[in-house]
Amino acid sequence: MNAPIIDPLQGDFPEVIEEYLHHGVTKCIAFNRRGTLLAAGCTDGSCVIWDFETRGVAKELRDKDCIAAITSICWSKYGHRILVSSADKSLILWDVASGEKITRITLHHTPLLARLHPGSSTPSLCLTCPLSSAPMIVDFNTGNTTVLPVTVSEVDSGPAPPSRNKPSDGPPYTPTAACFNKFGDLVYVGNSKGEILIIDHKSIQVHAMVPTPAGAVIKNIVFSRDGQYLLTNSNDRTIRIYENLLPLKDGLTALGDLNKTVDEVAGVEKMKAVGSKCLALFREFQDTITKVHWKAPCFSGDGEWLIGGSASKGEHKIYIWDRVGHLVKILEGPKEALIDLAWHPVHPIIVSVSLTGMVYVWAKDHTENWSAFAPDFKELEENEEYVEREDEFDLIPEAEKVKESDINEDGDVDIVTVEKDAFSDSDMSQEELCFLPANPCPDVPEQQDKCVGSSSKLMGSNNSGSPLSEEAGQNGQAMNHASSPLEEDTGGTRMKRKRKPSEKGLELQAEKGRKPLKSSGRLSKTRSKPVADRDISNGIYGDDISD
Amino acid sequence: MASSGSQQPPPYKPYRHIRTLRAHERAVSCVKFSNDGTLLASASLDKTLILWSSPDFSLVHRLIGHSDGVSDLAWSSDSHYICSASDDRTLRIWDARAPFDCLKILKGHSDIVFCVNFNPQSNLIVSGSFDETIRIWEVKTGKGVRVIRAHSMPVTSVHFNRDGSLIVSGSHDGSCKIWEASSGTCLKTLIDDKNPAVSFVKFSPNGKFILVATLDSTLKLWNYSTGKFLKIYSGHTNKVYCITSTFSVTNGKYIVSGSEDKCVYLWDLQQKTMVQKLESHTDTVISVTCHPTENKIASAGLDGDRSIRIWHQD
């Protein structure tokens, strides 16, 4: 709809830190399907849902039983549920709209990664990768866990017996990575030998195996949003992209067909043969100079770009490649290690989490397109010599100056039809949860003494969203102060004495404690100023600014 | 309904005046039906807003709190909240359900706040003011999210598009500007040759077109991506006040607008012909609103009239 007027020449990847979000110490993040909400898991076991449009906290999910750090967070397909895995060995499933816990399952090992089945809006299955066990499928309805095979040799002895609630015995595993494919009928496991196994999780059968070159331990395995590409992050400091050759829907049946057509003797060789028809190595990415390990690699929403964070401590570097393999940008943030990364599903925005628990939002640097202000002007890349027309400066009598109206005024105008938006899958039968209702937190009637008392409380809490998000709307006491930084802002605008600080800048200033008392004074001043004196008001604001 | 010209549109049934609501003590500045059609809200220079129930139009509640006249109001998408813009330089968010509290006061503008609107997700409010800026506020906390130095004269009208990604603003300086809501950057400026002051702007229901009212008694429908206007509607009088107009889509497509000659005008959207002139008010009709589902129009009159009149089409 607005695509025609947005300049297509601006690059499609972010460049600078636009903002930071701070609410508790964040460990992991996930966007919902449309990128309107960002869920963040914190070290205190709570999960914060940010309204990404307002950059304020929309909801907090807190369970009194779970106080251990969240290790991973995942949305259900249409945004109704969130699954978190926590360091106290549990998985919790939340209902987003109500903020209620649906179920909590305790495992035998700490789950490092948990992913809900992507096929339905209220999934009952999830995939989890525990710290010292093979990945397993957990069923919420029955509480059963099914361990998935991680090596092909297991399959030789027949399908692994469905192990219900069996803790893994044997040598401790290096954590194995796994993910669902787009519709959740297959699980792709990346094991410690550098092999990708394609497993049917219902029958717990490995159908195919793809060995990665160099055979290094696979740390992450992730699909792109459209399911066409798969990336693996290996211990040999390389990210590899594979093209998915299986059809997106009914991947399982296609796999079954392939099994029949490949006429190798059953066993590892057959697995490899089938595997070669499922995934094709597309590109490899590495930094040959610094040979850095990668952390949290993922695709952009449209699959055109790939990002990977540098796993070196002490630096916050995000590498952006295009899918073909060219490194297009390296984003550098403050000197804190990077622990999680996500690309917004729609916009060219990246969100990164640093070791300190701060969430950074990277976006494109906004340069004003000057022709937006003067529609008759066209921006030029370089100087053009202007050749005037023969009769350009002739003085013509008025009659000919009438501009011919070349508008087709008779055409019918359609004001109600809306184009189908690029997001809806053909199988979307249910309402998607895009937004959480924004209910304004009630103000408390203003009183001057209350201002001073509660202001330090407001300024002390250091975050970008609603300052009192913990109270979640019960106590709107200091809300009137939310507006006081803006009073200075207004003054700044009128007087142009100093560069107008951003909202964030004002809050940071205010935290230093100088402002609160002054601002309460300002409140009383502006209140008593009669509206009649509007002309002089410039001067008044100007005085107030001089600190 | 749009393309085939061979079908004859059903004959036009005229609107009839069915009710007059008198409860304001000064000029009524704005009327709006809620999105669920159960309430009608009206704002007035007597510093209050009144909630009327629909369809019986009994007075439900009077919202008191502003210290000066109210120029504009907006409903949230779920019809639970109302935001009002006032000459006392603040905006207030009211609960449209009992006990009808004033939930938040949004301060920041340095001059009269003239226009206000919610975004479709209703987590943001945009307001335009005589201080020539547009401000975007977060509904939940009441904090100002952004200030846009938009125009060189008072901003008369602001509106979000259908998905909340764009804001259109009109101003007395004669320009309409389109802004990207998330970053506050200007994407387009629409300015006509003669640049008469723009008194009202609004997106069409599908967000592709803008309806622009200018103080030379003209209404134009622009396609903002090409920067050209497609339709002109005239015949009414609009030289002084910021009269609101709207689209009527419940039974055929019409443009409805108030006028300084005390009438409400309806034009056929495609043909641009005036189909009806509703006469009853005794002063300028400053605001009109269409019910979301029924064929009803509510209109408001200035000081010489102080009433809200309801019109119904059979």
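This is a predicted model: local features need pLDDT of at least 70, side-chain atom pairs count only at pLDDT 80 or more; totals for chains, interfaces and linings use all residues.
## Charged patches on chain A

Two surface patches stand out by charge. The negative one gathers Glu379(A), Glu381(A), Glu382(A) and Glu384(A). Glu381(A) sits in the loop between strand 28 (359-363) and helix 4 (448-460) of chain A. Its relative accessibility is 82%, so Glu381(A) counts as exposed.

The positive patch is formed by Lys27(A), Lys219(A), Arg237(A), Lys291(A), Lys295(A) and Lys313(A). Lys295(A) belongs to strand 22, residues 294-299 of chain A. With a relative accessible area of 33%, Lys295(A) is partly exposed.

## Annotated spans of chain B

An unreviewed UniProt entry places the feature "domain: WDR5-like beta-propeller" at residues 20-312 of chain B. In the model, this span is 55% strand and 0% helix. Its end C-alpha atoms lie 12 Å apart.

Residues 148-189 of chain B are 57% strand and 0% helix, and their end C-alpha atoms lie 14 Å apart. Residues 191-232 of chain B are 57% strand and 0% helix, with end C-alpha atoms 15 Å apart.

## The segment after strand 28 of chain B

Asp314(B) lies in the segment after strand 28 (307-313) of chain B. Its relative accessible area is 51%, and exposed means over 50%, so Asp314(B) is exposed. Asp314(B) and Ser127(B) are 187 residues apart along the chain, and 36 Å separates their C-alpha atoms.

## Cis peptide bonds

Most peptide bonds are trans. The bond from Ser54(B) to Pro55(B) is cis, with omega near 15°. Pro55(B) lies in the loop between strand 4 (48-53) and strand 5 (59-64) of chain B.

The bond from Ala98(B) to Pro99(B) is also cis, with omega near 0°. Pro99(B) is in the loop between strand 8 (90-95) and strand 9 (102-107) of chain B.

## Positive phi angles

Most residues other than glycine have a negative phi. Lys262(B) has a positive phi, near 70°. It is found in the loop between strand 23 (254-257) and strand 24 (263-268) of chain B. At 40% relative accessibility, Lys262(B) is partly exposed.

Arg306(B) is not a glycine either, yet its phi is positive, about 55°. Arg306(B) lies in the loop between strand 27 (296-301) and strand 28 of chain B. Its relative accessible area is 36%, so Arg306(B) counts as partly exposed.

Notes:
Residues are numbered from 1 along each chain as its sequence is written. Chains are lettered from A and ligands numbered from 1 in the order in which they are written. Side-chain values use heavy atoms; hydrogens and water are left out. Patches are made of residues with over 30% relative accessible area and no salt bridge: like charges are joined within 9 Å, nonpolar side chains (Val, Leu, Ile, Met, Phe, Trp, Tyr) within 5 Å. Accessible areas come from the Shrake-Rupley method with a 1.4 Å probe; for residues, only the protein chains shown count as cover. A salt bridge is a side-chain nitrogen of Lys or Arg within 4 Å of a carboxyl oxygen of Asp or Glu. Lys and Arg count as positive and Asp and Glu as negative; His and the chain ends are not counted. The place of a charge is taken as NZ of Lys, CZ of Arg, CG of Asp or CD of Glu. Helices (H or I, at least four residues) and strands (E, at least two) are DSSP runs, numbered from the N terminus. Buried means under 20% relative accessible area, exposed over 50%, partly exposed in between (1.4 Å probe, protein chains only). UniProt positions are given in the numbering used here, feature names are shortened, and annotations may be inferred rather than shown by experiment.
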